Amino acid sequence: MKPLTDFRTDTVTRPTAEMLAAMQAATQGDDSRDGDPTVIKLEALAAARTGKEAGLYMPSGTMTNLVAVLAHTSRAGEVLLERGAHMLNTELGGLAAVAGVFYKAIPGSRGAMDEAALREAVRPMTRNNFGTALICMENTHNGAGGAVLPLAHMQMVYELARRHGIPVHTDGARLFNAAVALGVSAAEIARHTDSVSFCVSKGLSAPIGSVLCGSRDFIERARPFRRMVGGNMRQAGSIAAAGIVALETMVDRLKDDHATARRLAAGLHGVNATLVNQAEVETNIVRVSVRASGRNATQWAEEFAQRGIAVSPADSASLRFVTHRHISNNDVDAAVSACTEIWRKR
Ligand SMILES: Cc1ncc(COP(=O)(O)O)c(C=O)c1O
């Protein structure tokens, strides 16, 4: 059977030949015990790219977010995040269950928190209240279909937080998609946050890993928490090597993924205008509303699977397509043809 064309996520991207060669040639130090030169090089590169002083390599974006919360809050207080945030909806309650903090979901639009609601939610520490310990942003915003947070919004949030002495963390799992879409450096985005984490394992094609970046002091506070949650690795140089190649060679090509996403959105919009709002496709994620078809997202995903196309339901009435290095224009056109058939069959 023909392998599925996989639009479910960009984490399915496989390492490049250059990555595999770098992995084989990598140093084999024990990162947990003495430090490993390749991991140290990746962390320094990540810090330089985000304009921060230091970086800390971990196996996943879920872990870098969790460790960031632990290091910023020391397990007390309330965390404010946009209500569709990945940290709130998809990381299985780690904020509360592991980091021991409360959280408040702030209403937002396209992943950006409503300013008035955020101002109202910020609370000082009082006799009977821990107060706001951390504000988090997400850029690009997965739940909002890969939306890019405007820099002015990030600046507003950061200034507000600083006035209240509250730290800010940004979940930048797809930070480089945001940078490419905005035409700025990742550091230009990360100026508006104390810490930022990004994944090398998504569109950047490395097999494993995420880096948390921030001040040297913050990263030293984060280290024991990384160990606490089981994130200390041993001969991690062999995977960090792929992360270095990812940062050095795979960032500029993300624009190609954004172009295939726009092509897909235009094609699906041509099948029926209710399916996609093309203006909302800013990076490599395309949200498709199947509500008007009278069938739910699971039924649509099954129909696509029968035609060799894997796609995830995002909720009961919408699908999420993610473009990446292994999705070509031909794959996009095949998905649009499949959609035409499915739409006609409804
Ligand atoms: C916005 C966002 N944050 C964090 C993560 C978690 O990354 P990981 O799968 O490496 O734990 C993801 C994964 O898709 C994500 O989209």
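Predicted model: local features only at pLDDT ≥ 70, side-chain atom pairs only at ≥ 80, totals over all residues.
**Helix H11 and its surroundings**

- Helix H11 is mostly covered, since 10 of its 13 residues are buried.
- The buried residues of H11 are Gly237, Ile239, Ala240, Ala241, Ala242, Gly243, Ile244, Val245, Ala246 and Leu247, and they pack against helix H1 (17–25), helix H2 (37–50), strand S2 (54–58), H8 and S9.

**H11 with H2**

- The axes of H2 and H11 come within 8 Å of each other and cross at roughly 30°, and because angles under 35 degrees count as roughly parallel, H2 is described as roughly parallel to H11.
- The crossing of these two helices, H2 and H11, is left-handed.
- On the H2 side, the contact is made by Thr38, Val39, Lys41, Leu42, Leu45, Ala46 and Arg49, while H11 contributes Gly237, Ala240, Ala241, Gly243, Ile244, Leu247 and Glu248.

**H11 with H1**

- The axes of H1 and H11 also come within 8 Å, but here they cross at roughly 145°, and the crossing of H1 and H11 is right-handed.
- In this contact, Glu18, Met19, Ala22 and Met23 of H1 meet Ser238, Ile239, Ala241, Ala242, Val245, Ala246 and Thr249 of H11.

**Aromatic pairs**

- A pair of aromatic rings is described by two values, namely the distance of the centres and the angle of the planes.
- The structure holds six aromatic pairs, and one of them is formed by Phe176 and Phe198, whose ring centres are 5.0 Å apart and whose planes stand at 85°, so this pair is edge-to-face.
- Phe176 and Phe198 are both buried.
- The rings of Trp300 and Trp343 have their centres 6.4 Å apart and their planes at 45°, and therefore this pair is tilted.
- Trp300 in helix H13 (residues 297–306) and Trp343 in helix H14 (residues 329–345) are 43 residues apart, so that this pair, too, links distant parts of the chain.
- Trp300 and Trp343 are both buried, and together with Phe7, Phe304 and Phe321 they form one aromatic cluster.

**Backbone details in loops**

- A cis peptide bond, with omega at about 0°, joins Asn139 and Thr140, and Thr140 lies in the loop between strand S7 (132–138) and helix H7 (151–163).
- Arg110 has a positive phi of about 50° although it is not a glycine, and its place is in the loop between strand S5 (108–109) and strand S6 (112–113).
- With a relative accessible area of 27%, Arg110 is partly exposed.
- Ser205 is another residue other than glycine with a positive phi, near 80°, and Ser205 lies in the loop between S9 and strand S10 (210–214).
- Is Ser205 buried or exposed? Its relative accessible area is 0%, and therefore Ser205 is buried.

Key:
Residues numbered from 1 in each chain as written. Heavy atoms only, no water. Phe/Tyr/Trp six-rings, centres within 6.5 Å; stacked < 30°, edge-to-face > 60°. Buried < 20%, exposed > 50% of the residue type's maximum accessible area, 1.4 Å probe, protein only. Helix = DSSP H or I, 4+ residues; strand = E, 2+ residues; numbered from the N terminus. Contact = heavy atoms within 4.5 Å. Axes fitted to C-alpha atoms, helices over the stretch in contact; angles between N-to-C directions. Parallel < 35°, antiparallel > 145°, perpendicular 65-115°, else oblique. Left-handed = near helix turned anticlockwise from the far one by under 90°.
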